Amino acid sequence: MALIVVVARKIMQITGLGLTGLFLCAAPMALGVVASMLWLLSLYSPKVALFLGLAFVFLVTEWLRRTGYQNFGFGRKPGMPDLTIMCDAKQRVRFVCISDTHNDHSRLEVPDGDVLLHAGDFTKNGTEKEIKAFNEWMGTLPHKHKIVCAGNHDITLDKEYYEQHWKRHHDTKESADKARSLLSNCRYIEHEKVTVEGVTVFAAPAMPAKGAQWAWKRPEKELQEYWDTKFNLDDSPDILLTHAPPYDILDQNITGIKTGSRPLLSGLRRIKPKFCVFGHIHESYGVAVEPRSECVCINASSCTLLGKARHAPIVFDVSRREA
């Protein structure tokens with residue numbers, strides 16, 4: 001088992017794949033191995049092979065029925081609570097959430113609202129060409145306010161990372177400052193709190209340094225210090241916009257591993273925002289409530305594991321703060 005872990009980590013380092021990507025690459029080979037074993041077994045015991053084959057097909061079918069929409073964008077949609085009836089209509093501000101569009105934004109049918117939130121990974125590799133295309137699309141949307149946070153694939157927006165590792169992703173070095181300036185049809189915020197329509201939003205793209213090497217990965221100790229001191233109950237934002245999920249909240253990838261941020265979870269419980277919007281783990285798309293803070297957590301990942309934006313945007317309402 002230890003050897004398998006070592007080999008898997010080495011492959012991830014060489015290829016840049018995360019655990020999910022590694023799983024998707026290995027899955028066809030695993031199916032091939034199962035089919036070969038069943039064929040060999042059928043030569044000696046056809047009935048046993050048939051039984052095991054049918055059992056395997058049943059298990060895979062049941063798994064797809066339960067998780068097909070989150071993983072691949074087809075099948076039964078998960079039950080979603082109605083988050084648009086939580087406040088008085090006169091004081092209501094409607095937010096529309098998307099994330100992890102990965103250049104496939106044009107596939108989405110985005111409902112109207114007062115504020116559009118994008119929780120990062122709007123590109124695949126953070127190139128100027130990708131950012132320009134995303135910005136042009138943002139310009140076609142009707143929302144009065146459009147707020148965007150960076151994700152780990154939007155590498156040029158992380159100056160610290162890009163200066164050191166641009167050769168891992170680009171043939172020619174691009175400008176981090178220019179990348180930000182290209183986002184003219186939305187408001188890009190990074191470790192900044194803004195007020196829109198009387199509702200406060202704070203964006204924080206940094207996440208624990210787990211898995212493959214991409215942007216915005218930071219040591220857990222650094223993140224813990226950050227969330228231990230950022231805000232208090234008196235000045236906490238209404239909405240946290242992050243890229244990575246808090247630990248144990250809509251953070252489980254297809255391999256069953258929980259990948260969320262423990263520092264973010266502790267910060268969430270301390271400052272108690274009304275909502276936390278994120279993405280990153282495509283297959284954990286959905287809504288859940290963190291019980292201690294009573295914060296409504298939204299994994300708004302638009303793309304499935306196949307890289308297609310088939311998950312519907314998630315909509316919620318917030319009451320304006322009294323002046």
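Which residue caps the N-terminal end of H8? In this predicted model, the cap is Ser261, which places a side-chain oxygen 3.1 Å from the backbone nitrogen of Leu264. Helix H8 itself spans residues 262-271, and its buried residues are Pro263, Leu264, Leu265, Gly267, Leu268 and Ile271. An α-helix has 3.6 residues a turn, so residues three or four places apart point the same way. The cover over the buried residues of H8 includes helix H7 (220-229) together with strands E9 (239-242), E10 (275-278), E11 (286-290) and E12 (295-299). Beyond the helix comes Lys272, whose phi is positive, near 50°.

The strands E9 to E12 belong to an open sheet of 6 strands with mixed pairing, in the order E5-E6-E9-E10-E12-E11. Its edges are formed by E5 (192-196) and E11, each of which pairs on one side only, and neighbouring strands are turned by 20° against each other on average, direction ignored. Within this sheet, E6 (residues 199-204) runs parallel to E9 and is joined to E9 by 4 bridges, with Ala203 standing opposite Leu241 of E9. H8 packs on the sheet by touching E9, E10, E11 and E12, and the direction of H8 makes about 170° with that of E9.

A further open sheet, also with mixed pairing, has 5 strands in the order E4-E3-E2-E1-E13. E4 (187-188) and E13 (314-319) each have a single partner strand, so one side of each is left without a neighbour in the sheet. E1 (residues 92-98) and E2 (residues 115-118) pair in the parallel sense over 4 bridges, and Phe95 stands opposite Val115 in E2. Helix H4 (residues 128-138) lies across E1, E2 and E3 (145-148), running at about 155° to E3.

Key. Residues are numbered from 1 along each chain as its sequence is written. This is a predicted model: local features need pLDDT of at least 70, side-chain atom pairs count only at pLDDT 80 or more; totals for chains, interfaces and linings use all residues. Side-chain values use heavy atoms; hydrogens and water are left out. Two strands pair if DSSP finds at least two bridges between them. Helices (H or I, at least four residues) and strands (E, at least two) are DSSP runs, numbered from the N terminus. Contact means heavy atoms within 4.5 Å. Axes are lines fitted to C-alpha atoms, for helices over the stretch in contact, and angles run from 0 to 180 degrees between N-to-C directions. Buried means under 20% relative accessible area, exposed over 50%, partly exposed in between (1.4 Å probe, protein chains only). A polar contact is a pair of N or O atoms within 3.5 Å; within protein, one must be able to donate a hydrogen and the other to accept it, and residues adjacent in sequence count only if both atoms are side-chain atoms.
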